[in-house]
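Dear colleague,

My notes on what was found in it follow directly after.

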Amino acid sequence: MESKDKTARGAEKTAAARTRKRRRPRPAEGRICMEKTTRAEKITVTKPFLPPREEFEQYVDEIYAADWLTNNGPLSQRLEAELKKFLGADNVSLMVNGHLALEVALKGLGIRGEVITTPFTFASTTHALTLNGITPVFCDIRADDLTMDPNAIEPLITERTTAILPVHVYGHPCDTDKIEAIARRHGLKVIYDAAHTFGVKKNGHSLACCGDVSMFSFHATKLYHTIEGGALIYGDSALTRIFNAYKNFGIEGEERVDYVGGNAKMNEFQAAMGLANLPYVPALIAERRAITELYRAQLAGIPGITMFYPDRETGVEYNYAYLPILVDEGRFGESRDALYEQLKENNIFTRRYFWPIVPDFGCYREKHAADALPVARRAGAQVLCLPIYNGLAPEKILKICRFIVEGREVPVSL
Ligand code: T4K
């Protein structure tokens, strides 16, 4: 027993010796870390874009003139029409937020039983299922883009399965061809959580035109926003009546209520922000692309840091919505959480989207903690989303990257 302990201790020492520790300087020590910034200078993971105030106010003036604030008002109708054009979509139904849009999609398509979905997402995706009495069945993800692994779907299909709910996480396109071929073979619906995907195109078409229906989030933290907001994009025009009813208490006329719906309507101030923001989207994407390229140039080739290049996939025009990296502790020399904390001490507020992964949430753990999801669990333990937003100055990006690169431990073998 004693000799076993000694062996273990020896192995630990050797592993430690292999890594030359270069302690990341604390803020007070000054070396590469940022000057202690004031609260106003803190760098957050994202920051909303706001259009010039007078452009927003022009729409607000229209609201005041029309005395019409919500319930499918003129600005909402105009925004729906503009989005159809912008996306090249057959149908767009605006919603008060992305989460309720997802719930309306599930209700409108009559989804029940079990739905195969990803464990690597924001709480909303899974909660939308659970809140509608549907059982989430978690399918592992692919290591190269963190979207649902199509090769892992079929073994999860049972006679209770009615749909697949994948997420184009960070705007990385899922393998829509394979997923939809599986769905066709088994008679399943496909609903994409496209919350991160506004502006992404595949083969010249909006990614949101895939599947039976796609959901956008237009939350303030998104590349394109309506303060809070969301939308459903779909091909089958017959769904318009049903989706519009479900977002308005099931009401279809003064004397007609055929569905048990809630309230998911976008209001006119949200639509005003959406109309004011829309013309800026191409410029916002171009600026974020430059930010992403700067990060990539600075962080490329750093041992233990994985960056993603989904836009190098043929035919994909990306939106650069998020800047996720994976931190492999063994090769990088310190853990993702240590890096997260140290950045935070230096007023850089990154986020661990998405950790813990959904099956490890308190509300799902009992049933799902033992689910075999090795890729999702590893990604959850390693992911760190770095700051990216319009107006993020290059000097700040360089500082963040220098902090990540120079402050880390350097493995001697490299
Ligand atoms: N599906 C997926 C895959 C999603 O990611 C989301 C939402 C949904 C569905 C549901 O869509 P919505 O119903 O939300 O439309 C944020 C967003 O609130 C959430 O919309 C988003 N995903 C998620 C990924 O991020 P939190 O809890 O991280 O938000 P919060 O308040 O901590 O904000 C993050 C950072 O943004 C802060 O560090 C500061 C900055 N910020 C935030 C707001 C609201 C600002 O600078 N200004 C602001 O006004 O969830």
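**Arg288 and its surroundings**

Leaving aside its neighbours within four places in sequence, Arg288 is in contact with Leu223, Asn319, Tyr320, Ala321, Ile388, Tyr389 and Asn390. Please bear in mind throughout that this is a predicted model. Arg288 belongs to helix α9, which covers residues 281-299. The residue is buried yet has no salt bridge, and the nearest side chain of opposite charge, that of Glu287, is 7.6 Å away. A salt bridge requires a side-chain nitrogen of Lys or Arg within 4 Å of a carboxyl oxygen of Asp or Glu.

Tyr389, one of the residues in contact with Arg288, is found in the loop between β18 (383-385) and α14 (394-406). Tyr389 has a relative accessibility of 3% and therefore counts as buried. Apart from neighbours within four places in sequence, its contacts are Ile43, Thr44, Val45, Thr46, Lys47, Arg288 and Ile291. Tyr389 and Ala321 are 68 residues apart in sequence, while their C-alpha atoms are 8.2 Å apart in space.

**The ligand**

Which residues are closest to the ligand? Of the 25 residues that surround the ligand, the closest are Asp193, His196, Ser217, Arg351 and Tyr353. A polar side-chain atom of Tyr353 lies 2.4 Å from an oxygen atom of the ligand. A polar backbone atom of His99 is 2.9 Å from a ligand oxygen, and an N or O atom in the side chain of His219 is 3.3 Å from an oxygen atom of the ligand. On its own, the ligand has 920 Å² of accessible area, and the protein covers 74% of this.

**Salt bridges**

Side chains of opposite charge can pair when their charged atoms come close. The structure holds 19 salt bridges, and several of them are described here.

Arg296 forms a salt bridge with Asp311, with the closest N and O atoms 3.1 Å apart. This pair links distant parts of the chain: Arg296 is in helix α9, whereas Asp311 is in the loop between β14 (305-307) and β15 (316-317), 15 residues apart. Arg296 is buried, at a relative accessible area of 4%, and Asp311 also counts as buried, at 14% relative accessibility.

The side chains of Arg377 and Asp360 meet in a salt bridge with an N to O distance of 2.8 Å. Arg377 lies in helix α13 (residues 374-382) and Asp360 in the loop between β17 (348-349) and α12 (362-368), so the pair ties together parts that are 17 residues apart in sequence. Arg377 is partly exposed, with a relative accessible area of 26%, and Asp360 is partly exposed as well, with 24%.

In a further pair, the side chains of Asp337 and Arg336 meet in a salt bridge at 2.6 Å, N to O. Here Arg336 is buried, with a relative accessible area of 3%, whereas Asp337 is partly exposed, with 29%.

**Helix α8**

Is helix α8 (residues 268-277) mostly covered or mostly exposed? The helix is mostly covered, with nine of its ten residues buried. The buried residues are Glu268, Gln270, Ala271, Ala272, Met273, Gly274, Leu275, Ala276 and Asn277. Their cover includes α2 (53-66), α3 (74-87) and α9. The N-terminal end of α8 is capped by Asn267, which has a side-chain oxygen 2.9 Å from the backbone nitrogen of Phe269.

**The chain as a whole**

The chain contains 14 helices and 19 strands. Of its 414 residues, 53% are buried. Among contacts between residues at least 6 apart in sequence, 69% join residues at least 24 apart. The chain exposes about 19200 Å², of which carbon and sulfur atoms supply 53%.

With kind regards

Note on methods:
Residues are numbered from 1 along each chain as its sequence is written. This is a predicted model: local features need pLDDT of at least 70, side-chain atom pairs count only at pLDDT 80 or more; totals for chains, interfaces and linings use all residues. Side-chain values use heavy atoms; hydrogens and water are left out. Helices (H or I, at least four residues) and strands (E, at least two) are DSSP runs, numbered from the N terminus. Buried means under 20% relative accessible area, exposed over 50%, partly exposed in between (1.4 Å probe, protein chains only). Lys and Arg count as positive and Asp and Glu as negative; His and the chain ends are not counted. Contact means heavy atoms within 4.5 Å. A residue is near a molecule or strand if one of its heavy atoms lies within 4 Å of it. A polar contact is a pair of N or O atoms within 3.5 Å; within protein, one must be able to donate a hydrogen and the other to accept it, and residues adjacent in sequence count only if both atoms are side-chain atoms. Accessible areas come from the Shrake-Rupley method with a 1.4 Å probe; for residues, only the protein chains shown count as cover.
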